[in-house]
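Please look through the structure shown here with the following paragraphs at hand.

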Amino acid sequence: MVKALSQPLALRHLSQNLRRQGRQPLHQLQTRIGAVSYHKRPAFWTSSTWRTSRSYATVSAAELEFGQPVHETHPHILKPGEITPGITAQEYESRRAKLAFGLPENGIAILPSAELKYRSGAVFYPFRQESNFLYLTGFLEQESLAVIQKTGNKLGDYIFHLFCRPKDARAEQWSGPWSGLQAAEDVFNADKAYDIKRMDTLLPPILRSASRVYTDLNLNPSAGQSLNPIASVIRSVTPLSSITPLQPLVNVQRAIKSPAEIANMRHAGKVSGRAITSAMRQSWTSEKDLHAYLDYAFTKDGCDGPAYVPVVAGGSRGCMIHYVHNTAALKQDEMVLVDAGGEYGTYITDISRTWPVNGKFSPAQKDLYEAVLTVQRLGVSLCRESANMSLDQIHRATEAGLREQLTRLGFDLSGNAMDVLFPHHVGHYVGLDVHDVPGYGRSIPLRQGHCVTIEPGIYVPDDEKFPRHFRGLAVRIEDSVCVDETGPLVLTTEAVKEVVDIEALRD
């Protein structure tokens, strides 16, 4: 039995070795970074050499520095066994195993990390890992490359190669710590770890053994563009006819969320919903101040920060779907449309709410708001496997419902009026990305574990075709929803949306 992770952590490869010996594997894969003399291991020892000769020496993992939190250094962030908040080493291993199982014999998947983006000069943006790389590794560092190599026909028959930066005390003095090659194996459970600077010599032998290579690297850059160094190595060894996009395979896995992923999204939704409800209680005079409050509240109350640049649009600016200037004054007789959410463990929530700046709806504001809310409730109710409906079908039901509501309110819907008033789709997938699993069709029937948004909206321009008292009004109501077998799980229910509840916040 593996000891509890409050003790020095267990060997990750023990489970694999037991399986190869025909014995029962460990019940749960765990990281293995206990009391290890990290600084004494030669950088280029092979994994087999290290495992047979390593000694459990004097350095506690809690005294070491890594490129991201681990439980021993950040127990306030990670629970035992977790690589990232809420997601365990076992789950990451299961994801890799499932992907490898779906590859053809001797197939490999190649996933580069994201690159650091610069805002201007030497000023960089906060680093954000590439989503598929993150989903399969949990490794949050730049200058990295993951290779998943299928080795057999059974689930778990694969080798996880991880190219990354070796430890470098001088460089880390300037940029902060990174994890290094030993931690790539001991913490992130790579079977083999290599110096990323040796990629051009160590990757080709792996490529030559592959029957097919799956990657989303751009292997055919436009004129004037140069090949990415990793793409150059692939092109030098593997014919284009043996290369296939990886995204569709990963999308199928990522689209259906695990219980741990849903729990992360529920946490993000709960914190974000409470922050937005708290904002509704207060009187705001500028979009900028409301924006700043939401960013602060998401972070203070348990999220890692905002998931995306929010929309904070007062009055007719709400008719601009992705208005993000957020610099104008808020008028007391107007509504404010907010599209904002926090993220937790890189899983996001997406919420839109619209409310009167002064806390009380005018008759016209209330009529239009309740029309949208009625249809939004309908859309949410259809997010269940038993309905056997896709996002596209829910969109069509939503558009029909909005048409009925607007006709009741006296709108002339002839011609292209609905395209003007409701110009976007009712929903999209959510998860690691705000618009998750790009390329995964919205015509696919929703199944248990799918997570989506439902966000009908009406945006009335200043046009004589539409009733005068509605002109310039914009309403969008959006929740993040997890599809269950018989009903929806609303992940963002703490953000109030009933008229009576919104108005009661100022009483």
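The secondary structure of the protein comprises 15 helices and 21 strands, where helices (H or I, at least four residues) and strands (E, at least two) are DSSP runs numbered from the N terminus. This is a predicted model, in which local features need pLDDT of at least 70 and side-chain atom pairs count only at pLDDT 80 or more, while totals for chains, interfaces and linings use all residues. Residues are numbered from 1 along each chain as its sequence is written, and side-chain values use heavy atoms, with hydrogens and water left out. Of the 507 residues of the protein, 54% count as buried, a term that means under 20% relative accessible area, as against exposed at over 50% and partly exposed in between (1.4 Å probe, protein chains only). Among contacts (heavy atoms within 4.5 Å) between residues at least 6 apart in sequence, 68% join residues at least 24 apart.

Two strands count as paired if DSSP finds at least two bridges between them; β3 is joined by five bridges to the antiparallel strand β6 (residues 145-150), and by three bridges to the parallel strand β9 (residues 213-215). Ile110 stands opposite Val147 in β6 and also opposite Thr215 in β9.

Among the helices, α12 (residues 363-381) and α13 (residues 391-408) pack with their axes 9 Å apart and at an angle of about 150°, the axes being lines fitted to C-alpha atoms, for helices over the stretch in contact, and the angles running from 0 to 180 degrees between N-to-C directions. That angle makes α12 roughly antiparallel to α13, since angles over 145 degrees count as roughly antiparallel, under 35 as roughly parallel, 65 to 115 as roughly perpendicular and the rest as oblique. From α12, the residues Leu368, Ala371, Val372, Thr374, Val375, Leu378 and Gly379 meet Ile394, Ala397, Thr398, Gly401, Leu402, Gln405 and Leu406 of α13. By class, this contact of α12 with α13 has nine nonpolar, five polar and no charged residues, where Ala, Val, Leu, Ile, Met, Phe, Trp, Tyr, Cys and Pro count as nonpolar, Asp, Glu, Lys and Arg as charged, and the others, Gly among them, as polar.

In helix α9 (residues 247-255), Gln247, Val250, Asn251, Gln253, Arg254 and Ala255 are buried, and what covers these buried residues includes α3 (89-101), α4 (131-137) and β17.

Strand β17 also belongs to an open sheet of three strands, in the order β17-β20-β21 and with antiparallel pairing. Because β17 (451-454) and β21 (488-490) stand at the edges with a single partner strand each, one side of each is left without a neighbour in the sheet. The twist averages 40° from one strand to the next. Four bridges pair β17 with β20 (residues 479-483) in the antiparallel sense, and Val452 stands opposite Val481 in β20.

Another open sheet of three strands has the order β11-β14-β15, again with antiparallel pairing. Here β11 (305-306) and β15 (347-348) are the edge strands, each with a single partner, so one side of each lacks a neighbour in the sheet. Two bridges pair β11 with β14 (residues 342-344) in the antiparallel sense, and the bridge partner of Pro306 in β14 is Gly342.
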